[in-house]
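I opened the notebook for a look through this fold, with the helices and sheets on my list. Here is what I had on screen.

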Amino acid sequence: MSVVARWCHAHRLAVVLLWLGLLVGLGAGALAAGSNYSNSTTLPNTESSTALSLLKETGGSKAAGDSGQVVWRADDASVRDAAVKQRMNRALEEIARADGVVSVAGPYTPQGAAQVSKDGHTAYATVVFGKSGADLDKADVDRVKDIATAARTGSLDVELGGQAFGDAVTVSKLSEIIGIGSALVVLFLMFRSVWAAALPVLTGAAGVGTALFMTMLLSHVVTLPDTTPTMGALVGLGVGIDYALFIVHRHRKGLAAGMSVAEASAKALNTAGRAVVFAGLTVVVALLGMLTLGVGILSGMALGAALTVLLTVLAAVTLLPALLGLLGTRVLSRRQRREVAAGRFTQQHDPSGRWARWAGKVQARPKMMAGVAAILLAAVALPGLSIRLGAADAGNNPASSSSRQAYDMLADGFGPGFNGPLLLVAKAPDAQAKTQLAQLADQVQSVDGVAAATAAPLQDGQDVGIVTVLPTSSPQDEETSSLIDHLRQDVIPSAERGSDLEVYVGGGTAGSADFASVLTGKIPLFLAVIVVLGFILLTLAFRSLLIPAIGAVMNLLTMGAAFGAIVLVFQHGFGSELLGAGSAGPIEAVVPVLIVGVMFGLSMDYQVFLVSRMHEEWTHTRDNRRAVRVGQADTALVIAVAATIMFCVFIAFAGGGVRLIAEFGLGLAVAVLLDAFLIRMVLVPALMHLMGTANWWLPNGLERRLPHVSVEGDGDHSPSLPAQQTRAVEEHIGSPR
């Protein structure tokens with residue numbers, strides 16, 4: 001890595017211009033080509049996907065384009081009253097003439113009588129556009145919204161919902177500004193230098209910006225959901241700033257030791273740079289491991305995030321050394337530069353500093369410290385045991401949004417299940433099967449949890465029929481999931497018996513249930529692969545079996561804490577509205593898998609940074625107590641700052657108003673904070689004190705066979721504390737074993 005650092009330093013202006021050209025060129029190409037994101041969550045070989053395929057074959061799922069509902073409610077009158085009817089008919093006629101609209105099906109026709117609620121206070125009209133997805137002109141949708149909302153009066157409420165009028169899945173730019181601004185403040189407080197604080201942010205932004213434009217171009221080649229760029233920015237900014245922080249911190253230590261700028265840069269990249277590459281590639285491998293799950297939307301998110309992490313690592317080991325060369329000693333403050341010139345400024349271990357004192361307290365009472373940390377982590381993780389996966393819909397949107405209000409109006413007027421009907425799609429190839437299909441609707445109607453079941457009449461020559469089932473519960477209720485299982489396992493098999501009738505439960509609600517079920521079944525295997533991979537990597541890095549075992553357990557505790565936090569906030573609703581993420585509901589099915597993949601890499605990052613310093617001290621002194629204490633004290637500040645920066649970035653995105661991103665951001669924010677301050681600064685060193693020299697044991701046969709991997713290069717080949725200072729500290733906390 002030192003060769004890369006020296007080359008980038010020698011050609012620093014060319015490297016900076018190359019990155020700038022890459023960013024501008026990709027940006028121009030991405031803006032010219034646009035994006036082509038897709039949010040399909042359909043899974044192959046599920047019952048709901050089979051039902052959808054049947055509908056497509058018969059044309060039953062075909063529509064001109066996206067559709068939505070205009071919903072109105074008159075609390076003090078009936079929607080059939082002349083004044084309301086005249087006002088809404090006029091609005092619907094204007095909508096029908098609007099650009100992009102192909103049809104409007106309202107309630108004021110004989111065919112639309114069912115579109116008025118039983119109490120007569122709520123009605124809706126279905127608007128169908130000529131195009132769908134990215135092809136649908138936003139101006140056409142906005143024009144329809146304007147016409148509909150203009151019909152509102154003091155006694156008539158009009159809202160819009162459905163696919164066409166759904167609120168856009170975008171995170172406010174304020175989230176990124178807050179995250180970056182908070183990171184700058186934390187970095188300045190640490191470095192006391194504006195340039196040193198700005199460098200990690202500039203490096204992270206370069207990696208994320210490049211990845212953003214590449215992701216836009218990649219969306220034309222592979223299927224990527226529209227949350228991919230936001231997910232990439234969330235992860236990329238956090239890890240990119242942290243990776244650059246580690247290198248800048250080590251570079252400043254080199255300058256403080258009297259090295260030249262080129263020497264300090266080479267030393268930083270050969271030590272901290274190696275750890276950055278190791279940690280970054282670990283995150284990338286974990287993210288790409290999601291591709292093996294075979295879930296399209298998850299693969300797209302993982303691919304985008306992995307690309308972002310890869311580019312932030314590349315920026316940290318190429319662009320950052322070039323920028324360090326351009327800035328010279330200005331990464332130190334003026335006061336620090338004067339102290340270096342006078343030989344008074346160092347960044348060596350201080351036995352009287354607050355982090356050293358804390359490390360001494362952990363060493364003095366390891367059992368108590370480990371017990372308290374474990375109890376706190378268990379308390380945070382406990383709610384995660386009740387996690388229920390699903391998919392958010394308009395019912396989880398912020399209460400102030402039009403789509404949420406339309407959803408609530410339909411639920412109040414037509415029943416909770418109206419927003420998520422189940423479609424029983426049946427193949428009835430002969431007369432007997434058609435007769436049994438007709439009887440099926442009556443059987444389903446009498447099932448507990450069903451509000452209504454209606455069979456569409458089969459036309460001559462048609463052998464695919466549909467029974468529409470309205471549950472008594474909302475799409476996200478656990479009762480609805482139970483109803484789907486009951487229909488599939490009990491009701492439908494009895495109806496199919498003795499004939500060629502084949503019935504499949506489909507529709508959006510069933511599709512979401514299938515998606516969650518498939519992912520739930522894949523999570524244990526993915527988690528096992530992640531834990532085994534972490535064990536192998538740490539064994540190679542530290543020539544130990546106990547340290548990887550501790551690391552594996554710590555990773556599980558971190559992930560458990562993340563799950564507990566998101567269940568408490570989003571599933572039970574304690575604070576989800578404050579984050580702008582709507583009301584309580586199931587956790588998005590992709591979130592746990594994403595948290596597992598990302599947090600595995602971030603936890604490995606901190607573990608490697610912490611234990612590599614301990615291992616370095618152990619190699620020189622063979623004193624476990626000293627190695628653990630000094631390693632913890634020397635790395636605590638950087639780990640604390642890195643975790644604080646990540647927390648600021650992640651929590652800023654959690655408040656961006658998009659539920660999936662909010663769940664992911666909050667889970668990562670809580671996990672990073674607890675991982676750094678409870679696990680790496682309390683639990684890991686306490687356990688390593690208790691285990692003694694067993695921390696560094698490896699069977700001789702395995703020692704000979706394992707390849708040697710240098711995570712932090714040559715390190716520093718001298719103990720951090722003078723002998724008299726070591727004795728003073730150890731007299732205070734107890735003599736070494």
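Before starting, I noted the pairing rule: two strands pair if DSSP finds at least two bridges between them. Helices (H or I, at least four residues) and strands (E, at least two) are DSSP runs, numbered from the N terminus.

I also wrote down the ground rules. This is a predicted model, where local features need pLDDT of at least 70, side-chain atom pairs count only at pLDDT 80 or more, and totals for chains, interfaces and linings use all residues. Residues are numbered from 1 along each chain as its sequence is written, and side-chain values use heavy atoms, with hydrogens and water left out.

**Entry: strand β8.** I looked up the partners of β8. Strand β6 (residues 422-427) pairs with β8 (residues 464-471) in the antiparallel sense over six bridges, and leucine 423 stands opposite threonine 468. Strand β7 (residues 450-455) also pairs with β8 in the antiparallel sense, over five bridges. There, threonine 454 is the residue that stands opposite threonine 468.

**Entry: the four-stranded sheet.** In what order do the strands of the open sheet come? I read β2-β3-β1-β4, with antiparallel pairing. The edges are β2 (101-105) and β4 (156-161), each with a single partner strand, so one side of each has no neighbour in the sheet. Inside the sheet, seven bridges join β1 (residues 67-74) to β3 (residues 122-129), which run antiparallel. In this pair I found arginine 73 opposite threonine 122.

**Entry: helix α2.** I checked the span of α2 (residues 12-33): its 22 residues reach 32 Å from first C-alpha to last, close to the 32 Å expected at 1.5 Å a residue. The expected span is 1.5 Å times one less than the number of residues. Which residues of α2 are buried (under 20% relative accessible area; exposed is over 50%, partly exposed in between, with a 1.4 Å probe and protein chains only)? I listed Val15, Val16, Trp19, Leu26, Gly27 and Ala30. They cover an arc of only 105° around the axis (taken from the directions from the helix axis to the C-beta atoms), which puts them on the same side of α2. On the other side, Leu13, Leu17, Leu18, Val24 and Ala32 are exposed. I reminded myself that an α-helix has 3.6 residues a turn, so residues three or four places apart point the same way. Just after α2, glycine 34 takes a positive phi of about 75°.
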